[in-house]
Amino acid sequence: MKNSNKGLNHDEPILFDIGGMDKSGVDLNEPTFKENFIGECFEDREIGLPGLSEPESIRHYVRLSRKNYSIDAGLYPLGSCTMKHNPRLNEKLARLKGFSEVHPLQPLSTCQGALELIDEISVWLKELTGMKAVTMTPKAGAQGELCGMLAIKKAIESRNECHRTKVLVPDSAHGTNPATAAFLGFDVVTIKSDKNGRLNFDDFKQNVDKKFAAAMITNPNTCGLFEDDIIEISNYIHDAGGYLYCDGANFNALVGKVRPGDLGIDAMHINLHKTFSTPHGGGGPGSGPVVFSDLLKDFCPAPLLKKDEEYYYLVENLNDKDIDKSFGRLCVFHGQMGMFVRALSYMMSHGSDGLRQVSEDAVLNANYIKSSLEDVLTPAYEGYCMHEVLFNDDFLSGTGVETIDFAKALIDKGYHPMTIYFPLVVHGALLVEPTETESKNSIDQFIETIRELASKTQDGEEFFKKAPIYTPIRRLDETKAARNPVLRWQKNDVIAAE
Amino acid sequence: MRYLPLTKNDREEMLSTIGVNNIDELFSNIAEKANINPKINLPNHKTEMEVEKHLSLLSDKNLHADNSSFFIGGGSYKHHIPASVDHIIQRSEFLTSYTPYQPEISQGTLQYLYEFQTQVSLLTGMDISNASMYDGSTATAEAVSMAKRITKRNGVILSNTIHPHYADVIKTVSGIKDNELVYNRKFSIDIDHLFNEVNDNTACVVVQNPDFFGSCYDLSSLAEFVQSKGALLIVVVTEVLSLGMLKSPGAMGADIVACEGQSLGNPMNFGGPYVGLLSTKNKYLRQIPGRIVGESEDVDGKKGFVLTLSAREQHIRREKATSNICTNSGLCSLAFTIHLTLLGEKGFKNLSRLNHESALNLKEKILKIPEVKLLNKSFFNEFTIELPIKGEIFINRMAEKRVLAGIPVSRLINNNKELDNCIVVASTETNTDDDMNSFIEAAKEVLR
């Protein structure tokens, strides 16, 4: 194999090119049984799984890891993703055997500590949101949305108002909102944002009719702005017999500072992997508990955690009387316990005082970036932002540089780009969320870098179009990947798929 | 506060750059209408030592697989995880990165996901796999939704021996009306019944193998029949290690395979996080939910990987997406793929056989206890036994002797009296002779 390494950048072949059928990194005893009890579907087949010894595996994955950007290595300003520091205490505690080695169907008498922990985190979430009930089972934010909307659907059914099928979603919403509503058979109507980046309340009202079921509103919204009319909107929704679902992905702007329960919200998911620092892990696992108002709390999914004097128990079966209004079950077992441990550790470490400081610093950092860049970039909206700041691409007009090029140039400067082309309501959007765990030095250097790049856009597009150049791999042909999908390794490199 | 880098001076300087006097001015538009700075009835911040103490005490209240004799399965299994797995997944670059939206600085994640997709396809015997779902149950529900889209039919037939939680999840998440669902809970799979129920409105038949009670089936003829009726066969696997001894679902003709991948690389974690595996045939590629990694090349012609076929996904298609899933089980899929790489072909099949051997040994010992009956005619690493007393009472009394002896069927199926005396017992490579002897001695006392 040709050596194309460059200093610390090692190329790493695919596992299937380096592994062997006779290699293993695990020593196991030899089984000695004579006859199996598998029956008719026993087969001693060749699966084709390459193995590696332990040193080879470690090297394979360590070399791969070095091709990734990470929050530990640098500022990760992905808007709407809340890439904050992940405290290592949380990792340590999640690995305590009394949490990690506990089976979800152990007798309840043997896992009282685990249930108590779920109760504790429930109390924190209810208190921080000012909501009446919480269900911990949703596995990620999108499943939290599904949970909230299923509760709303069930509530509508219980009122015998199944004609209510319309869900209003602002055009700035995360794609998961319309996808969730449509998945459940609701008719999604998109509401335009107004010139201030908020939901257009007049347009909203015009779309509320007899078929109105619910609205799904993100607050702060994905433009990084608080929906100022939220209380009027929630009153209007309730007067019209509907429900207000809030996408809580941006709760980091409000935690400890403003309670969603005071805003008239009926259901909201909380991304523990955003606000409460459980690690993103390259795309999960997440955890998306949902808090509910009085109107919806009876429709929570199974299991329901209850306490009888000092003894915790779970109501798990859908035919149990205690949960006869429940909309059902979202996943096997009781949710992302490993994430609950981490999130509770985070909450306790901050306390109510520290959590308020979290939202204040997150908002301060975003506004500081906005103020420091508004003469060179073009903020999409006037006024203060919340925890993230949105720019449009007006500052690039006439330069030939596009948002994507600007983002890729930022990679060469050692940063993960901000969220780009989202939200859809702003042309060539750049959404910057610094979070509260960046120091002033770190943010100043980021600002300096952006200023330098912004001024460079005046020197022509070439520098930007060829970026990035310092990465292990340069811009990839995404069209080719989709047109001729190769989604797995094949023997002899036969091209897979269609 | 140890996690917050800004100092008082920093904050003052920054406020002055922004041009406000205090932080609350940045929240002033909210304060006009809603309450800011509410009184929150929660304790203030704690030191690392205090937090650690509190959570350690909670942890100490639980019995767990390493301080008991442990025989519980039912969709979550105790296996030994090599030390290097947990070491690698805690590397910053894997632990603290986001979904690989910027491929140039995410090749580490993208490449291991491509390898993961290949390993999963090989295990299930299918053409292609996605980059993971939340867990086996949600993968199954997504498979059912997928089958409904592909066939444009609504009827769903669940085998009566599917994990009861999985059945509940399918009903809830896939939005099946009662009259569109066929599902009866009892012990043995009723293959004839499945054949009889398939009709022109059947989108899919869902069968778990090995099933909830541990039994294994060859589903080849069912697959053929279901497909002849224009429906799809979905095979659910909750113990992925079984694929080292069983015919692969693909070889039996499955159209979609949904697995729980927890057994490789992931501890039981009281139920999560886990990793769902979803595989299918090439022809259904565009109906798969979730992330998929594909190969491509960069501007210099160098091979690399990207997230692809995103025209199926919510961030592009919004209300027309195949699913609403966004975040999946990235780090758990990493643990899965590392463990499987460490095992390799030989290790995986060996581990699979050690599990079977362990269950065979336990069965032999258990059947020596008077009045205990084995209900299975086949099993992989778990089986169902009938006791002379109620399963729940047995399990609770065994727990008092630090033996976690299995799952009383009545915990999950509480409306079938016939199964009240049954428990599902699992045994894996981690169970020693001592564990088994503890089980037997305790059981003899409990049943005396």
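Colleague: In chain B, what percentage of contacts between residues at least 6 apart in sequence join residues at least 24 apart?

Modeller: Two residues are in contact if their C-beta atoms, placed from the backbone, lie within 7 Å. Among such pairs at least 6 apart in chain B, 73% link residues at least 24 apart. Please note that this is a predicted model, where local features need pLDDT of at least 70 and side-chain atom pairs count only at pLDDT 80 or more, while totals for chains, interfaces and linings use all residues. Residues are numbered from 1 along each chain as its sequence is written, and chains are lettered from A in the order in which they are written.

Colleague: How is chain B divided into domains?

Modeller: Domain bounds come from an automatic or database domain assignment. Chain B has domain 1 (69–80 + 345–447) and domain 2 (83–339). Their C-alpha centres lie 27 Å apart. Domain 1 of chain B brings 29 residues to the contact and domain 2 of chain B brings 25.

Colleague: Which element gives the most to the side of domain 1 of chain B that touches domain 2 of chain B?

Modeller: Helices (H or I, at least four residues) and strands (E, at least two) are DSSP runs, numbered from the N terminus. Here H12(B) gives the most, with seven residues.
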